[in-house]
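Reader: Could you take me through this model and tell me what stands behind each label you use?
Author: Gladly, let's look at it together.

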Amino acid sequence: MSNLTKNLSVAAVLTATTNALAIAQTAPLPEPKAQQMTDAYYSAFGDNHSRAVHAKGILFEGMFTPDPAARSITKAKLFALSTAAVLGRFSNFTGIPTIPDNIGDATPRGLALKFTVPGDSEVDIVMHSFDGFPVKTAAEFAQLLVAIGASGKDAPKPTPLDKYLASHPIAKTFLTTQKPPPVSFATTAFFGVNSLKFTNAQGQPTYIRYRVMPVAGEQYLDAAELKTKDANYLQSDIKERLAKGPVSFI
Ligand code: HEM
């Protein structure tokens with residue numbers, strides 16, 4: 001590397017660091033209370049007397065077989081078991097319980113898992129089909145939801161959502177780069193967003209993020225295939241698959 005290149009990259013790092021500091025020094029928004037967060041969801045999707053988000057879903061039961069290799073990074077009881085019972089729920093995005101499965105607004109799709117650990121507490125994990133999240137804090141998320149609610153088709157341009165996305169590039173990426181509707185919940189990859197600290201028996205920490213990958217492989221619909229699907233195709237599909245045998249994820 002020449003000195004010039006080296007200096008340029010140092011300059012780039014310094015600029016990046018300065019920007020990061022400027023961001024860090026901005027006063028954080030106050031944390032919304034639970035009802036304020038729920039109201040923000042209602043402003044985006046309406047109060048449909050259901051869950052405020054991921055309202056349309058389907059429950060299933062299953063079995064989790066931990067990889068013994070996980071015991072090298074965690075002493076959590078769940079991973080010491082040979083198997084654990086799981087209660088799960090696949091879902092669509094939004095707080096609209098009748099949202100059609102075959103439209104983009106139903107993405108990201110959700111996966112919630114509740115593992116039973118005998119003699120211990122349950123372990124819950126929520127994931128969705130996008131590997132990331134639009135914002136860093138609940139307060140920014142509430143702002144995004146309110147902007148969505150105020151940006152219907154009659155809203156003057158630029159809409160509050162246009163303005164929000166102009167100043168929140170990660171939220172823009174989240175809203176504009178979702179995968180197409182999946183062939184099946186059984187062909188969807190799901191991602192946890194928060195990183196978690198695992199500690200092994202020797203006290204060594206490892207930071208992890210959950211991801212659940214379909215053994216059938218990731219499969220999404222193209223435009224022609226999507227036209228053949230009805231508003232409940234994901235619900236029908238998963239019931240049909242499970243009637244024939246188990247569906248697996250790793
Ligand atoms: C500021 C961040 C978040 C807020 C305020 C929030 C809020 C909520 C609320 C209010 C519900 C409905 C709960 C119910 O009525 O049972 C929900 C459900 C859900 N959320 Fe979030 N959430 C957040 C972040 C996330 C993230 C990061 C993910 C995934 C990576 C996620 C995935 C889900 C899923 C899959 C469900 C459906 C759970 C089920 O099927 O039982 N959420 N969330």
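**Labels and the values behind them**

Author: Just after α2 (34–45), Gly46 takes a positive phi of about 85°. Helices and strands here are DSSP runs (H or I, at least four residues, for helices; E, at least two, for strands), numbered from the N terminus. By that count the protein has eight helices and eight strands. This is a predicted model, in which local features need pLDDT of at least 70 and side-chain atom pairs count only at pLDDT 80 or more, while totals for chains, interfaces and linings use all residues. Residues are numbered from 1 along each chain as its sequence is written.

Reader: What makes His49 exposed or buried?
Author: A residue is buried if 20 or more other C-beta atoms lie within 10 Å of its own, exposed if 12 or fewer, and partly exposed in between, with C-beta atoms placed from the backbone. His49 has 8 such neighbours inside 10 Å, so His49 counts as exposed. You will find His49 in the loop between α2 and β1 (57–64). Its phi is positive, about 50°, although His49 is not a glycine.

Reader: And why is Thr94 called buried?
Author: Thr94 has 22 other C-beta atoms within 10 Å, and therefore it is buried. Thr94 belongs to the loop between β2 (84–91) and β3 (110–115). Here too phi is positive in a residue other than glycine, with a value near 80°.

Reader: What makes the bond between Thr107 and Pro108 worth a look?
Author: That peptide bond is cis, with omega about 5°. Pro108 is in the loop between β2 and β3. Another cis bond joins Lys157 and Pro158, with omega about -10°, and Pro158 lies in the loop between α4 and α5.

Reader: How do you know that the span of α2 is close to the expected one?
Author: The expected span is 1.5 Å times one less than the number of residues. With twelve residues, α2 is expected to span 16 Å, and it reaches 17 Å from its first C-alpha to its last.

Reader: Why are the buried residues of α2 said to be on the same side?
Author: The residues concerned are Ala40, Tyr41, Ala44 and Phe45. They cover an arc of only 115° around the axis, which puts them on the same side of α2; the arc is that of the directions from the helix axis to the C-beta atoms. The buried residues of α2 pack against α4.

Reader: What makes a group of residues a nonpolar core?
Author: It is a set of buried Ala, Val, Leu, Ile, Met, Phe, Trp, Tyr and Cys residues joined through C-beta atoms within 7 Å. The largest has 13 residues, and Ala44, Leu144, Leu145, Ile148 and Tyr164 have the most contacts inside it. α2, α4 (138–149) and α5 (160–167) each give two or more residues to this core, and the largest share, five residues, comes from α4. A second, separate core of ten residues includes Ala84, Phe115, Met127 and Phe190.

Reader: Which residues does Leu144 touch, not counting those up to four places away in sequence?
Author: Leu144 touches Pro134, Val135, Tyr164 and Ala171. A contact is scored when two C-beta atoms, placed from the backbone, lie within 7 Å.
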